[in-house]
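Trainee: I am new to this structure. Could you pick one part and take me through it closely?

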Amino acid sequence: MDASGQNIFRMKIKVLTERMFKYLRKWFVTRFFGHPRRRTRLVSKDGRCNIEFGNVEAQTRFIFFVDIWTTVLDLKWRYKMTIFITAFLGSWFLFGLLWYAVAYIHKDLPEFHPPDNHTPCVDNINGLTSAFLFSLETQVTIGYGFRCVTEQCGTAIFLLIFQSILGVIINSFMCGAILAKISRPKKRAKTITFSKNAVISKRGGKLCLLIRVANLRKSLLIGSHIYGKLLKTTVTPEGETIILDQTNINFIVDAGNENLFFISPLTIYHIIDHNSPFFDMAAETLLQQDFELVVFLDGTVESTSATCQVRTSYVPEEVLWGYRFAPIVSKTKEGKYRVDFHNFSKTVAVDTPHCAMCLYNERDARAKMKRGYDNPNFTLSEVNETDDTKM
């Protein structure tokens, strides 16, 4: 085995040894000290926000009923369907009572024994059940032809017009709410997925935090823009404690962070430089940090022109230091590009500086070696030379 083969073999043994020790350490901590502390996160992995509002005034709650359209759209399906069924059944039964009252006042019911030449307001209403059926037929415009309004009562004609108009309003609102609920761009966001973990490694000679994102549909997101927020608790110089203090995290790809050509999975990265909040972190202290990295992707759905936002979050346990993502895109013999999602969240261990300061110090040291510097501690002592040559 040559020298290069021996080096590769040693690197593999080193990686396997490190993985074994990490697994044993995790098992030991979980076995003897219980499960690791579960961190509280503001944004779940699927983008839902973990927040609740307390002590909201009653007047403020009334605002939700003023904006009834948005309130209905934000309701869960079980509540929405309950309102849908209640609205229709309630209106049918309410107008059924009104039609029964019209027939009762006009004495069209059989218990009044109307004469043979009596003309009822509504034909064939014999009780509350038949009144409910007539209300149903009127509002949904079935028109069986067995029960109908006559010209005998102006009240019945007015009630028919009022129920028809109100029925159209209820149909439009409820059917529109269900259609809007189904077609919300929030569902399109479900087909945008982020990698399970974020990794920290060198990219282009710089220490970067990398995240992989993929579009599971062939339709594009137009004008996509990606950015991040680092949430952590900070204490101001005045002694004020700010929970969920937000710091901007700039993510870029090789072509920029706007107008992404999002046809294949992309690896976005954040450069850890002197302006990055990750600059003071190291591989040994990463798990001791208390932060939450929230990543946002905004874009316009190509098919509906509706804007949508996809978000996810990462806690320190989900940030792997010294890893990179495995390749995911390949080219087949037929000339097609193939995306293997089996390797979407797969990571590979690589040599990485254990802190950003180390990388910059190493780079500065190499730069100084290429340049000449005077040593202030170096002194030149003069030596008196004697001329022993005699002429």
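Mentor: We will look closely at one helix, after a brief word on its setting. The model is predicted. The protein has 8 helices and 13 strands. Of its 391 residues, 31% count as buried.

Our part is helix α5, residues 128-139. Start with its length. The helix has 12 residues, and at 1.5 Å a residue they should span 16 Å.

Now see what is hidden. The buried residues of α5 are S130, A131, F134, S135, E137, T138 and Q139. An α-helix has 3.6 residues a turn, so residues three or four places apart point the same way. Keep that in mind as you turn the model.

What lies over these buried residues? The cover includes two other helices, α4 (77-105) and α6 (154-182).

Next, the cores. In soluble globular proteins, nonpolar side chains tend to be buried together. The largest nonpolar core here holds 36 residues. Within that core, L209, I211, L293 and L297 touch the most other members. A second, separate core has 13 residues. Among them are A131 and F134, along with I125 and A156. A131 and F134 are also on the list of buried residues in α5.

T141 follows α5, and its phi is positive, near 55°.

Definitions and conventions:
Residues are numbered from 1 along each chain as its sequence is written. This is a predicted model: local features need pLDDT of at least 70, side-chain atom pairs count only at pLDDT 80 or more; totals for chains, interfaces and linings use all residues. Side-chain values use heavy atoms; hydrogens and water are left out. Helices (H or I, at least four residues) and strands (E, at least two) are DSSP runs, numbered from the N terminus. Buried means under 20% relative accessible area, exposed over 50%, partly exposed in between (1.4 Å probe, protein chains only). A nonpolar core is a set of buried Ala, Val, Leu, Ile, Met, Phe, Trp, Tyr and Cys residues joined through side-chain atoms within 4.5 Å. The expected span of a helix is 1.5 Å times one less than its number of residues. Contact means heavy atoms within 4.5 Å.
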